[in-house]
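Dear colleague,

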Amino acid sequence: MFASATTRPGQGLRRAVTRTTAVIAALFLAACDPVAMTERASGPEIGQMIEPGQPVRVALLVPGGTSSQEMEWLARSLRNSAKMAAADAQGASIDLRIYDTAGSEAQAVAQANAAADAGAQIILGPLFAGNANAVGNAMLSRNINVLTFSNNTEIAGGNVFTLGNSFDNIADRLVRYGVRQGKRNVLLVAEDDVAGQLGARAIQTAIARNGARLAGRVNHPVSISGIDAATPRVAEAVQSGQVDSIFMTANNQAVLPYLTENLAKAGVRSPVTQMMGLTRWDQPRDRLGMPQLAEGWFAIPDQGLQQQFEARYAQTYGEAPHQLASLSYDGVAAIASLVRAGKRNALTTTGLTQPAGFSGVAGIFRLNRDGTSQRGLSVATIRDGQLVILDPAPRTTRGFGS
């Protein structure tokens, strides 16, 4: 993680570090009841059948058993949230069993196999994309679906579903909103690391899908010198008159404040040239006071519902949850709601991908046949040092668009 560029510009950005995609973009999302149930599906059917009225065996894989305090907090939060959801599962009996993976691919596969040997009917987790991919491969021959906490769509498909909020989902929401506001000519600015290029691909796909125009692309290294060199190129593109919005990946924590500060000095600011990004611009909270971020667009879940979840968690467990904790609640509660509907195919491809989706405590979401997920997100900005919602999250999957 980088030091803030506002504290000492020469240090935080000098060493490039590739951050784990699953951690940097996932938001606070949790499931409750499905909006509707359907039998419709196409393609191969994967997953265990259940006996209605009987306990459903769910294996939770968490990155516990490490020496990292951050990882232990995350693992604890995932465990606690899953237990909370299982306790809330009125009308459905969830036999939740928890396995620590130590963040290791080999350990994740071994624990998944142990869970399957013990009768697990569905796997929830693991977190990291590589581990989830390996677990998915191991569980495919055993006809078990995997709901991973990762948001990396590269691993989605077959028996692997990603619960994390993906770059694709965020990019599509922002570009679609921008087109409605007349912002169709998008300049893409991306870090040249793995996460930046994955984010850039998602943005380009969203531009094409929503009828916008890619007005240019500027890649930059994750460094002070790299951003300094990219700034004049961005400013020149804006001055050409062919750009009305800038979509930046800005995945690394120190990039966003420094890049936007540079652009502001070059005369490029929102809303004249609308800036938007894949990450939350309101976190950490000191960003709310940064003038160069004012009026930029970013996507967030329903804040009222999210805060309710966090408050309840803190009251129950005596500490704040990790930012990814609600993904665990989400997965267990979604499983419970499908089981509660009394369908034998609740845990199969058909059950998991019902088009109407789920009403979650942080908004609507659904799992797609390709293993990705769609999340109902709000479009937000920073105005007068406060978080402001510009366009509320949709309440049904009809609001996801085409």
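An open sheet is formed by five strands in the order S3-S2-S4-S5-S6, with parallel pairing. Strands S3 (94-100) and S6 (160-162) stand at the edges with a single partner strand each, so one side of each is left without a neighbour in the sheet. From one strand to the next, the twist averages 20 degrees. Here, helices (H or I, at least four residues) and strands (E, at least two) are DSSP runs numbered from the N terminus, and two strands pair if DSSP finds at least two bridges between them.

This is a predicted model, in which local features need pLDDT of at least 70 and side-chain atom pairs count only at pLDDT 80 or more, while totals for chains, interfaces and linings use all residues. Residues are numbered from 1 along each chain as its sequence is written, and side-chain values use heavy atoms, with hydrogens and water left out.

Within the sheet, S4 (residues 122-124) and S5 (residues 146-148) run parallel and are joined by two bridges; Ile123 has Val146 in S5 as its bridge partner. Helix H5 (residues 129-140) packs on the sheet, where it touches S2, S4, S5 and S6, and its direction makes about 175 degrees with that of S5. Helix H4 (residues 105-117) lies across S2 (56-62), S3 and S4, running at about 150 degrees to S3. Contact means heavy atoms within 4.5 Å; axes are lines fitted to C-alpha atoms, for helices over the stretch in contact, and angles run from 0 to 180 degrees between N-to-C directions.

Strand S15 (residues 378-383) has five of its six residues buried, that is, under 20% relative accessible area (1.4 Å probe, protein chains only). Three bridges link S15 to S11 (residues 298-300) in an antiparallel arrangement, with Val379 in S15 as the bridge partner of Ala299. S15 also pairs with S16 (residues 386-391) in the antiparallel sense, over five bridges; the partner of Thr381 in S16 is Val388. Two residues lie between the strands of the S15 and S16 hairpin, in which Asp384 takes a positive phi near 55 degrees.

Lastly, the lining of the second largest pocket deserves a note. H6 (167-180) and S14 (373-375) each supply at least two of its residues, and the largest share, six residues, comes from H6.

Yours sincerely

Methods
Buried < 20%, exposed > 50% of the residue type's maximum accessible area, 1.4 Å probe, protein only.
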